[in-house]
Amino acid sequence: MSDNILDKLLSSGLPLEQEIAEIAYGEGFLLNGEFSYLRKTETGTDSEFSVDIHAESSVKNPSTSASVTINALMECKYSSPGVEWIFSSLPDHAPGVISAASYFQWLGGHIILRSDDFDRIEPEHYCSRGISLSSKSSDTKQIRHGLQQLRHAIPHLLDKITTIDIEIGEAYAPPIIAPMLITNAPMRVLNPGVTITDIKSAKTLDSISSIAKMVCHYQPGGPELLDTCIKMEDKINKKYDHSLIEKIMPLDIFSSIESITIVSIEYLKTHLSNFNNFFSKSQIMSSLDYAHKFQKPLENHKNGKPHHQENN
């Protein structure tokens with residue numbers, strides 16, 4: 001068999017998708033195949049788009065009997081040998097909440113609290129731009145395309161989840177969506193403070209960048225995505241009009257599309273394992289218990305009462 005045929009097979013991305021699917025399955029994720037959704041094109045017509053893999057992991061948590069399900073959206077991007085992904089660092093950007101996943105606290109009868117494993121699933125690097133780089137070319141389209149596929153898919157996946165769980169949502173933990181762009185390309189982040197002069201005098205990438213196993217790509221959504229999030233918020237809230245579940249706000253969905261994790265395939269097994277561990281150890285409380293523990297002391301404080309004082 002000719003090398004050309006094998007190269008074409010690799011560049012199709014099919015072997016990479018299979019390898020990623022097998023890693024996810026090995027970490028206890030149920031594979032649902034592609035996740036398809038409708039999105040308006042430049043001409044204003046609806047067209048079908050998709051993310052390569054939608055996988056689910058149901059995690060047992062001793063603090064609750066509620067089902068904890070992680071919905072992983074995985075977009076796979078194959079790169080030929082000699083290609084590396086380079087990202088610019090985003091100075092002083094480190095969110096106070098998890099950026100590797102979004103969980104919509106009020107779309108369920110339970111609240112997930114932060115656990116000690118927070119740092120294990122969070123990328124150590126935050127960036128705002130990336131390029132696919134080789135000795136012959138630099139390209140921003142491959143990374144941008146994958147990120148956009150994921151960002152547009154998130155509101156549609158939330159719509160699907162809430163449609164399936166609408167009758168039993170109050171017994172469930174909130175929906176968890178973990179979008180990730182996965183590549184076989186080596187990944188690097190430019191060193192802080194590196195200048196154009198530094199790059200001109202550098203002999204290798206090693207002197208101006210560091211190897212990364214995982215990065216967080218941060219980018220606020222544009223007007224099209226905002227419009228999609230607002231429409232999805234209205235659609236989801238109408239499903240729960242007669243439920244005890246709180247209404248979701250447009251900002252909840254819009255903020256969920258801002259941060260996307262980009263993962264090296266070599267680190268994917270560890271990343272998925274850390275996800276399972278994080279949500280199996282997080283403290284999960286019913287919404288009623290949460291309100292009693294945290295909101296009532298706040299009300300007492302506003303009324304000038306000591307935190308331990310109860311209303312009779």
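Colleague: Start with K77. Buried or exposed?

Modeller: K77 is buried, because its relative accessibility is 12% and the cut-off for buried is under 20%. Bear in mind that this is a predicted model.

Colleague: Which side chain does K77 meet in a salt bridge?

Modeller: E75. The N to O distance is 3.7 Å. E75 is buried too, with a relative accessible area of 4%.

Colleague: How many salt bridges does the structure hold?

Modeller: Eight. One of them joins E224 and R39, at 3.9 Å from N to O. That pair links distant parts of the chain. E224 is in helix 6, residues 223–239, and R39 is in strand 2, residues 35–40. They sit 185 residues apart.

Colleague: What ring does the charged end of R39 sit over?

Modeller: The ring of F49. The charged end is 4.8 Å from the ring centre.

Colleague: D159: buried or exposed?

Modeller: Buried, at 10% relative accessibility. K235 is partly exposed, at 43%.

Colleague: Now the strands. How many bridges join strand 6 to strand 12?

Modeller: Three, and the two strands run parallel. Strand 6 covers residues 84–89 and strand 12 covers residues 187–190. Within that pairing, F87 stands opposite V189.

Colleague: What about strand 12 and strand 13, parallel or antiparallel?

Modeller: Antiparallel, over four bridges. Strand 13 spans residues 209–212. L190 stands opposite S209 there.

Colleague: Switching to aromatics. How many pairs does a search of the whole structure find?

Modeller: Six. Among them is W85 with F87, which is edge-to-face. The centres are 6.5 Å apart and the planes make an angle of 75°. W85 and F87 are both buried.

Colleague: And Y103 with F279? Why is that pair called edge-to-face?

Modeller: Because the planes are at 85°, and over 60 degrees counts as edge-to-face. The ring centres are 5.8 Å apart.

Colleague: Where do Y103 and F279 lie?

Modeller: Y103 is in strand 7, residues 102–103. F279 is in helix 8, residues 265–281. So the pair ties together parts that are 176 residues apart in sequence. Y103 and F279 are both buried.

Colleague: Which residues form the aromatic cluster with Y103?

Modeller: F275, F278 and F279. Together with Y103 they form one cluster.

Key. Residues are numbered from 1 along each chain as its sequence is written. This is a predicted model: local features need pLDDT of at least 70, side-chain atom pairs count only at pLDDT 80 or more; totals for chains, interfaces and linings use all residues. Side-chain values use heavy atoms; hydrogens and water are left out. Rings of Phe, Tyr and Trp (its six-membered ring) pair if their centres lie within 6.5 Å; planes under 30 degrees apart count as stacked, over 60 as edge-to-face and the rest as tilted. Buried means under 20% relative accessible area, exposed over 50%, partly exposed in between (1.4 Å probe, protein chains only). A charge sits over a ring if NZ of Lys or CZ of Arg is within 6 Å of the ring centre and within 35 degrees of the ring normal. Two strands pair if DSSP finds at least two bridges between them. A salt bridge is a side-chain nitrogen of Lys or Arg within 4 Å of a carboxyl oxygen of Asp or Glu.
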